[in-house]
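Me: I'd like to learn how to read a few features of a protein model. Could we walk through one together?

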Amino acid sequence: MNNFDAKLQAIHDKITTAKQNVGRNDTVQLCAVSKTQTADAIRNCYLAGQTIFGENYLQEAISKQALLTDCEIEWHFIGPIQSNKTQLIAQHFDWVHSVDRLKIAKRLSDARAGKPAPMNICIQVNVSDEASKSGVAIEDLDALAKEIATLPNITLRGLMAIPAPTDDPQIQSAQFRAVREAQANLINQGYDLDTLSIGMSADYAAAIAEGATIVRIGTAIFGARKPAAST
Ligand SMILES: *Cc1c(COP(=O)(O)O)cnc(C)c1O
């Protein structure tokens, strides 16, 4: 008995309920966030049917990927990106959710040249106005999207955000709504976007109510993270 079966089922049930509550019948994908978890844990989760995994730390991710080459996993990079890591990220991942500046997008595009498929990216937006948070400010989003859309080896799929944690459900929903509105604004300008990457273990039902198409869930699948993590 694989103990991921029940956990994944519970999450899929909650996703279904959250969609039904707002009358959605489109798809919400589950990205299992496996940072600090072992390759064995990822394999067991994969054997329980999970195929999309998100990682934050490049070296850790590459080490685990090497042990999982027989698994058909779609790897998503969701952590902060240093520009000297873009080459390896472009080689080892199909998606990057955390692009918040042009330099990184350009380097990912260059590194992806000659690969069979373009890199799928989301622009990370900052809807909490905290100086410490990553993500482009909403007022700078249009200019960044315009530049990124011209890059040859990248497909701009949508937006990602990590809103400030809050116990107030209204503030939580307002932050998710701000991301959705920014996305709608880009779509109105003609961008072909299908991805809204919002929602984590504590708030994915609220994110789905506001239009999430990918939820990124770690602790609700794997339990608490191991303390040590390397970049
Ligand atoms: C760690 C992480 C998650 C998952 O968080 P949980 O609260 O464990 O579900 C999602 N997104 C990003 C960007 C993360 O770094």
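This is a predicted model: local features need pLDDT of at least 70, side-chain atom pairs count only at pLDDT 80 or more; totals for chains, interfaces and linings use all residues.

Me: How should I read a positive phi elsewhere? Which residue has one although it is not a glycine?

Reply: Most residues other than glycine have a negative phi, and most peptide bonds are trans. Here, look at Thr36, which has a positive phi of about 70°. Thr36 sits in the loop between β1 (29-33) and α2 (39-47). Its relative accessibility is 11%, so Thr36 counts as buried.

Me: Now a strand residue. Where is Leu156 found, and is Leu156 buried or exposed?

Reply: Leu156 belongs to strand β7 (residues 154-160). Buried means under 20% relative accessible area. Leu156 has 11% relative accessibility, so Leu156 counts as buried.

Me: With which residues is Leu156 in contact, leaving aside its neighbours within four places in sequence?

Reply: Leu156 is in contact with Ile121, Ile123, Ala145, Ile148, Tyr191, Asp192 and Leu193. For a sense of distance, take Thr51, which is 105 residues from Leu156 along the chain: the C-alpha atoms of the two are separated by 21 Å.

Me: Let's turn to aromatic rings. How many aromatic pairs does a search of the whole structure find?

Reply: A pair of aromatic rings is described by the distance of the centres and the angle of the planes. The search finds 3 pairs in this structure. In one of them, Phe53 and Trp75, the ring centres are 6.1 Å apart and the planes are at 45°, so the pair is tilted. This pair links distant parts of the chain, with Phe53 in strand β2 (residues 52-55) and Trp75 in strand β3 (residues 74-77), 22 residues apart. Phe53 is buried, with a relative accessible area of 0%, and Trp75 counts as buried at 9% relative accessibility.

Me: What is the geometry of the pair formed by Phe77 and Phe93?

Reply: That pair is edge-to-face, with 5.2 Å from centre to centre and 80° between the planes. Phe77 is in strand β3, while Phe93 is in the loop between α4 (86-92) and β4 (95-99), 16 residues apart. Phe77 counts as buried at 2% relative accessibility, and Phe93 is buried with a relative accessible area of 1%.

Me: Which residue lies over the face of Tyr204?

Reply: That is Lys14, at 4.6 Å from the ring centre.

Me: Last topic, the ligand. How many residues surround the ligand, and which are the closest?

Reply: There are 13 residues around the ligand, and the closest are Lys35, Asn56, Ser201, Gly218 and Arg225. For polar contacts, the cut-off is a pair of N or O atoms within 3.5 Å. An N or O atom in the side chain of Asn56 is 2.7 Å from an oxygen atom of the ligand. For Ser201, a polar side-chain atom lies 2.5 Å from a ligand oxygen atom. Thr219 uses its backbone instead: a polar backbone atom there is 2.8 Å from an oxygen atom of the ligand.

Me: How much of the ligand does the protein bury?

Reply: Taken alone, the ligand exposes 390 Å², and the protein buries 89% of that.

Methods: Residues are numbered from 1 along each chain as its sequence is written. Side-chain values use heavy atoms; hydrogens and water are left out. Rings of Phe, Tyr and Trp (its six-membered ring) pair if their centres lie within 6.5 Å; planes under 30 degrees apart count as stacked, over 60 as edge-to-face and the rest as tilted. Helices (H or I, at least four residues) and strands (E, at least two) are DSSP runs, numbered from the N terminus. Buried means under 20% relative accessible area, exposed over 50%, partly exposed in between (1.4 Å probe, protein chains only). A charge sits over a ring if NZ of Lys or CZ of Arg is within 6 Å of the ring centre and within 35 degrees of the ring normal. A residue is near a molecule or strand if one of its heavy atoms lies within 4 Å of it. A polar contact is a pair of N or O atoms within 3.5 Å; within protein, one must be able to donate a hydrogen and the other to accept it, and residues adjacent in sequence count only if both atoms are side-chain atoms. Accessible areas come from the Shrake-Rupley method with a 1.4 Å probe; for residues, only the protein chains shown count as cover. Contact means heavy atoms within 4.5 Å.
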